[in-house]
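Hi,

Here is the structure I promised to hand over. Please open it alongside this note.

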Amino acid sequence: MGFLKKLKDKFTKNNKEQEEIEIYEKGLTKTRDKFSSSLIQLTKKYKKINQEYFDELEEILIMADIGVNTVMKFMDRLIDRVKSEKITDPEELKEYIVDELFVVYVNGKVLSNKLVENESGPSVYLFVGVNGVGKTTTIAKLAHIYKNQGKKVLLIAGDTFRAGATEQLKEWANRLDVMFYGGKEGADPSSVIYAGLEYGVQEQVDIILVDTAGRLQNKDNLMKELEKMNRVIGKVIPGAPHETLLVIDATTGQNGIQQAKAFKEITNVTGIILTKLDGTAKGGIILAIKEEVDIPVKYIGLGEKSEDLQVFDIEKYIYGLFKDFMGE
């Protein structure tokens, strides 16, 4: 039985899995329509595998934003497999393409998509990312998810520089009926976070989600700011922050990869949340992120609703991307 057929059997036997795979399928529609249809046309075009076939396949993968380095490694593996197993029919190669892209992501190890939790107090998650990537909305969606799990949630407005950022987060807290802590616009963000964390400890909250400014244009200042925040957070809650989550807008493509590289240089990013994946035909960026920066994607945004923010699952992603290509 092929890899995708195994995944289909796995997902259809479990109602919760089925609901989640439907969100993946819907959210990856743009990428699947472009990517799968190109692969289907390629398979129909060639009766035998030759160099032209490989050249076109390479171009399709690069256009899906999988990333040049990732594509080169993938093509080398695929060509070696074709030669060693003497494959000549493009139809026969379809399953191999899916398998090898899965292998490219896993690369001998499955990166954990679970957020680290603090067993002796509040779990603190620090959010970083440039303005406009959907950071505040993502924090709100996660707050909603945790609240539905019965957790006591606190939002801290550490972005004191962007006009209206504190009010925006406060508005979300009110809508979601979760706790909020903020300071005055222009206040020292570390001071606000320190006071907010003390408030969270006092109120015995379970989850603390901390927003930060995204001024990447001045990396030195941002680095110092984030270092100070980390020191302050660690003073109030030893071992915190338990995750530093970088929010990236999938529609920005390779620019998002550059943001990931830049933030990785200035702070200890432990996970990536990829938003607006439903708004792009270049959903292959997930594979590029893994290859280029080796930071696990923890969540992906597949729509506007809170349930469209999904824990990233490589199997659901591969299935959502390739089910049409394999004729599922």
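This is a predicted model: local features need pLDDT of at least 70, side-chain atom pairs count only at pLDDT 80 or more; totals for chains, interfaces and linings use all residues.

Salt bridges

The count comes to 21 salt bridges.

Start with arginine 81 and glutamate 100. Their closest N and O atoms are 2.6 Å apart, and the two form a salt bridge. Arginine 81 sits in helix 5 (residues 68-84) and glutamate 100 in helix 6 (residues 90-106), so this pair ties together parts that are 19 residues apart in sequence. What about exposure? Arginine 81 has 22% relative accessibility, so it counts as partly exposed. Buried means under 20% relative accessible area. Glutamate 100 is at 5%, so it counts as buried.

Next, lysine 147 and aspartate 177. Their side chains meet in a salt bridge, with 3.9 Å from N to O. Lysine 147 belongs to helix 7 (residues 135-148), while aspartate 177 is in the loop between helix 8 (165-176) and strand 3 (179-181), so the pair ties together parts that are 30 residues apart in sequence. Lysine 147 is partly exposed, at 35% relative accessibility. Aspartate 177 is exposed, at 60%.

Aspartate 294 counts as partly exposed, with 38% relative accessibility. Lysine 290 is buried, and its relative accessible area is 5%.

Then there is the network. Salt bridges link Glu25, Arg32, Lys323 and Asp324. Have a look at those four side chains together.

Threonine 70

Helix 5 also holds threonine 70. Is threonine 70 buried or exposed? At 1% relative accessibility, threonine 70 counts as buried. Its side chain has a polar atom 3.3 Å from the backbone oxygen of isoleucine 66. And which residues does threonine 70 touch, leaving aside those up to four places away in sequence? They are Val104, Leu287, Ala288 and Glu291.

Arginine 81 pairs with glutamate 100 in a salt bridge. Threonine 70 touches residues including Val104 and Glu291.

Over to you. Send back any comments once you have been through it.

Best wishes

How values were computed
Residues are numbered from 1 along each chain as its sequence is written. Side-chain values use heavy atoms; hydrogens and water are left out. Helices (H or I, at least four residues) and strands (E, at least two) are DSSP runs, numbered from the N terminus. Buried means under 20% relative accessible area, exposed over 50%, partly exposed in between (1.4 Å probe, protein chains only). A polar contact is a pair of N or O atoms within 3.5 Å; within protein, one must be able to donate a hydrogen and the other to accept it, and residues adjacent in sequence count only if both atoms are side-chain atoms. Contact means heavy atoms within 4.5 Å.
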